[in-house]
Amino acid sequence: MSLHHETTGSGPPLLLVQGGVAEAGAARMLVGELAVTHRVRTYDRRGVGRSPAGPDPVGLTAHADDAAALLADTGPSAVVGVSIGAVIGLLLAVRHPDLVTTLVAHEPPLPGLVRDADREAALDRVEALAARDDLGGALRLMAALTSGDDPVEPGYRPEPPSGDPEPALRRFLRHDVPAVRAVRIDPDAITASGVRVVPTGGVESRGRWEHRCAEVLASRLGRGLVELPGGHDGPVTHPVAGAAALRGLVGGT
């Protein structure tokens, strides 16, 4: 699988694994801040933007192996994963621990750790809307579940997609959302990997399900939860403050 990827800056390597259908350039402001000290690699996940979709369905382990392939020519790297990207990062650490030095896992959705009947029912509605091709309704419900009206850092500007985002959105809702709901990651396997994993949560998303997942993961790994500015997408929507916090977490590895 050949994936579109971009590299910015110089210094120790850092792979950013984004959430949703974010393309390589979606977090350009965050990447610019991180690139002051690191060589930052971003990419279009398979089926997103300029990367081919490949066969359906695709499990998250395939996404983790894709990330490993990107790291094969850089050597061990720090990894920052956001949302589904954090789940991919955790699987990457378990499956390819030799390629990951430190993993910052920001609010990974982990239904195997935190069961929530109301959220599961809401996600059933998301999948039903997506199956009827009501992408707008599915996305509005997903946004209400994850980000709400979280504030953004002054000066933050979101990046537009490179092309028509609809195919990637359809694929995400029909394939990636069910894959996330089905994934199970044993915290003991994460510990056994030897990778330094730092679970993080957004200050603005305290009490929400993804934040609780990060809390439980941190507890199971014997760590304290680190909070970052913003909410579920905090590292992206707060690029200056987020990059400063992330640099402190990954260091110069």
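Me: In which helix is the place of V31?
Reply: This is a predicted model, and the assignment is made on its coordinates. The place of V31 is in helix α1.

Me: Is V31 buried or exposed?
Reply: The cut-off for buried is under 20% relative accessible area. V31 has a relative accessibility of 7%, so V31 counts as buried.

Me: Leaving aside neighbours within four places in sequence, with which residues is V31 in contact?
Reply: Contact requires heavy atoms within 4.5 Å. With neighbours within four places in sequence left aside, the contacts of V31 are T8, L16, V40 and T42.

Me: How many Å apart in space are V31 and G202, C-alpha to C-alpha?
Reply: In sequence, V31 and G202 are 171 residues apart. In space, their C-alpha to C-alpha distance is 19 Å.

Me: How many residues apart are E23 and R50, whose side chains meet in a salt bridge?
Reply: The N to O distance of this salt bridge between E23 and R50 is 3.7 Å, and the cut-off is 4 Å. E23 is in the loop between β2 (13-17) and α1 (28-34), and R50 is in the loop between β3 (39-43) and α2 (60-71). The pair links distant parts of the chain, with a separation of 27 residues.

Me: Which parts of the chain does the salt bridge of D150 and R208 tie together?
Reply: The side chains of D150 and R208 meet at 2.7 Å, N to O. The two residues are 58 apart in sequence, so the pair ties together the loop between α5 (135-146) and α6 (166-182), which holds D150, and, with R208, the loop between β6 (196-202) and α8 (209-220).

Me: How does R206, which forms a salt bridge with E227, count by accessibility?
Reply: The closest N and O atoms of R206 and E227 are 2.5 Å apart. R206 lies in the loop between β6 and α8 and E227 in strand β7 (residues 226-228), so parts 21 residues apart in sequence are tied together. E227, with a relative accessible area of 30%, is partly exposed. At 53% relative accessibility, R206 counts as exposed.

Note on methods
Residues are numbered from 1 along each chain as its sequence is written. This is a predicted model: local features need pLDDT of at least 70, side-chain atom pairs count only at pLDDT 80 or more; totals for chains, interfaces and linings use all residues. Side-chain values use heavy atoms; hydrogens and water are left out. Helices (H or I, at least four residues) and strands (E, at least two) are DSSP runs, numbered from the N terminus. Buried means under 20% relative accessible area, exposed over 50%, partly exposed in between (1.4 Å probe, protein chains only).
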